[in-house]
Amino acid sequence: MASNLQLNANGELRHLLSIEGLPREVLLRILDTAASFVGVTEREVKKVPLLRGKSVFNLFFEPSTRTRTTFEIAAKRLSADVINLNIAASSQTKGESLLDTVANLSAMQADLFVMRHASSGAPFLIAHHVKPHEHVINAGDGRHAHPTQGLLDLYTIRHYKKEFSNLTVAIVGDVLHSRVARSLIHGLTTLGAPEVRVIGPRTLLPTGVESLGVRSFLDMREGLKGCDVIVMLRLQSERMRGALLPSAQEFFKHYGLTPEKLALARPDAIVMHPGPMNRGVEIDSNVADGPHSVILPQVTFGIAVRMAVMSMIAES
Amino acid sequence: MIILPEAETLYARLAAELVSWVKPTSALIGIHTGGAWLAERLHAALGIGTELGTLDAAFYRDDYRQQGLAKEPKRSQVPFPVEGRDLLLVDDVLHTGRTVRAAMNELFDYGRPASISLAVLADRGGRELPICAQYCATRIELPAGKRLRLTRDAAGRLAFELEDGE
């Protein structure tokens, strides 16, 4: 279902809702296009006229700084007009339904909705109801998906490692609550990474995670052996209900990435984190700021990846 | 039956014509993909000191709304400051002039060149914009709906090919 909604009759991207269901060629085309935009972002004039006259509405029903900002920068570098909606202060709090909000914005001639919502599936609902010339990009829905983060992770891995076909990738920490992990796992398996591992305490690994084609490890030291790429996840305290963890200190002791644990991975391993980081909870400062860390390049690549997605979608 | 010109002969003619153009401030920019192949050869043949630049003006095209992005947009690389340079844009075929327009727009986002000239292997007419090539190895009449495309084989030899479609 997801795949039909995301692609038009010619197999081109129409909405970006989830990496799941996107064919390999579409993923590669997004990454290739992003590489061209990286060139643009390194110039003195960091703007191209592709989306001139188009209106991009940032609808963030859940707080976000980095993702909202990078979407805004990406849209502006494509010459689009960007409207940021402060949802907490908007009609939603007066009881307007999601579909009514979007219908009103549509009446204001919106072209592209970038949407983050705490409910899984909310962007799918919108994508079902928008007009043919309107497009939806999922900027994170509940625990379900965060496709542009997954794509920028894939871009970063490809940038440093070139090929996916011989990589061992470990995703560590709070996999249960992580839409980033889900998106990345789908992307890595579609692009042919032979070994994807998830590492975390049993309470933070989704049941049946192996069905996604990954190996799970409860022991971090065991799981990190021979890894080329380590993706640390943020401990999502705001999504935790009930006692899944004894304490943050306890978590750091077992699942925090320290220089000593990092030494178990391959010597040229890269360390990624989608941000925002909890230093001393999932990652040690010496690793976050160390030579293996590519956390800040991830942010920069994120702009080019979002430019690629928006320009490919707006054309379809 | 349309007889296509010999691309290698045209290349030699263009290279000879360009010898007098070269100055210390000269720099070459090839337009992907055919123009970039030509520019690569010209760059070596003319002994240009500045590194070679390449452009894919896909992000500046005026037909984006109708056609979308090119299937594989190449990365533009202009590895020198364009400010004050005499630039030579190189493309394989000059037709409507829209690609050149897009390329010039892109170049100005890198800076303000002293001048831009255009060199092409073949001018097939059909201009839709006030653009002309200062250096052009041949003119050719082609029926509308045909696309003249430069190809390069494994040995690096250039040849023209006629395809259906604009």
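Two strands are taken to pair if DSSP finds at least two bridges between them. In this predicted model, strand S4 (residues 115–123) of chain B meets that condition with S5(B), to which it is joined by four bridges, the two strands running parallel. Within this pairing, B:Asp123 stands opposite B:Arg139 in S5(B). The pair belongs to an open sheet of five strands in chain B, ordered S2-S1-S3-S4-S5 and paired in the parallel sense. Strand S2 (53–55) and strand S5 (135–139) of chain B stand at the edges of this sheet, and because each has a single partner strand, one side of each is left without a neighbour in the sheet. On average, and with direction ignored, neighbouring strands here are turned by 25 degrees against each other. Helix H4 (residues 98–108) of chain B packs on the sheet, where it touches strand S1 (26–31), S2, strand S3 (86–94) and S4 of chain B. The direction of H4 of chain B makes about 155 degrees with that of S3(B).

Chain A also has an open sheet with parallel pairing, built from four strands in the order S2-S1-S3-S4. At its edges stand strand S2 (81–86) and S4 of chain A, each with a single partner strand, so one side of each is left without a neighbour in the sheet. From one strand to the next, the twist in this sheet averages 15 degrees. Strand S3 (residues 112–117) of chain A pairs with S4(A) over five bridges, again in the parallel sense, and A:Met115 stands opposite A:Asn138 in S4(A).

How is chain A divided into domains? Domain 1 takes in residues 2–145 + 299–315, while domain 2 covers 147–294. Taken over C-alpha atoms, the centres of domain 1 of chain A and domain 2 of chain A are separated by 25 Å. The contact between them draws on 25 residues from domain 1 of chain A and 19 residues from domain 2 of chain A. On the side of domain 1 of chain A that touches domain 2 of chain A, helix H2 (24–41), strand S4 (135–141) and helix H12 (295–315) of chain A each supply at least two residues. By class, this side of domain 1 of chain A has 13 nonpolar, six polar and six charged residues.

A:Val309 counts as buried because it has 25 C-beta neighbours inside 10 Å, where 20 or more are required. Leaving aside neighbours within four places in sequence, A:Val309 is in contact with A:Leu16, A:Ile30, A:Ile137, A:Thr148 and A:Leu151.

The backbone deserves a separate look. Most residues other than glycine have a negative phi, and most peptide bonds are trans. In chain A, the peptide bond from A:Gly275 to A:Pro276 is cis, with omega near -5 degrees, and A:Pro276 lies in the loop between strand S9 (270–272) and helix H11 (285–288) of chain A. In chain B, a cis peptide bond joins B:His32 and B:Thr33, with omega about -5 degrees. B:Thr33 is found in the loop between S1 and helix H2 (34–45) of chain B.

Which values of phi are found at A:Gln109 and A:Lys162? A:Gln109 has a positive phi of about 65 degrees although it is not a glycine, and this residue is found in the loop between helix H4 (98–107) and S3 of chain A. With 10 C-beta neighbours inside 10 Å, A:Gln109 counts as exposed, the limit for that class being 12 or fewer. A:Lys162, likewise not a glycine, has a positive phi of about 65 degrees, and its place is the loop between helix H6 (147–161) and strand S5 (168–172) of chain A. A:Lys162 counts as exposed because it has 10 C-beta neighbours inside 10 Å.

How values were computed: Residues are numbered from 1 along each chain as its sequence is written. Chains are lettered from A and ligands numbered from 1 in the order in which they are written. This is a predicted model: local features need pLDDT of at least 70, side-chain atom pairs count only at pLDDT 80 or more; totals for chains, interfaces and linings use all residues. Domain bounds come from an automatic or database domain assignment. Two residues are in contact if their C-beta atoms, placed from the backbone, lie within 7 Å. Ala, Val, Leu, Ile, Met, Phe, Trp, Tyr, Cys and Pro count as nonpolar, Asp, Glu, Lys and Arg as charged, and the others, Gly among them, as polar. Axes are lines fitted to C-alpha atoms, for helices over the stretch in contact, and angles run from 0 to 180 degrees between N-to-C directions.
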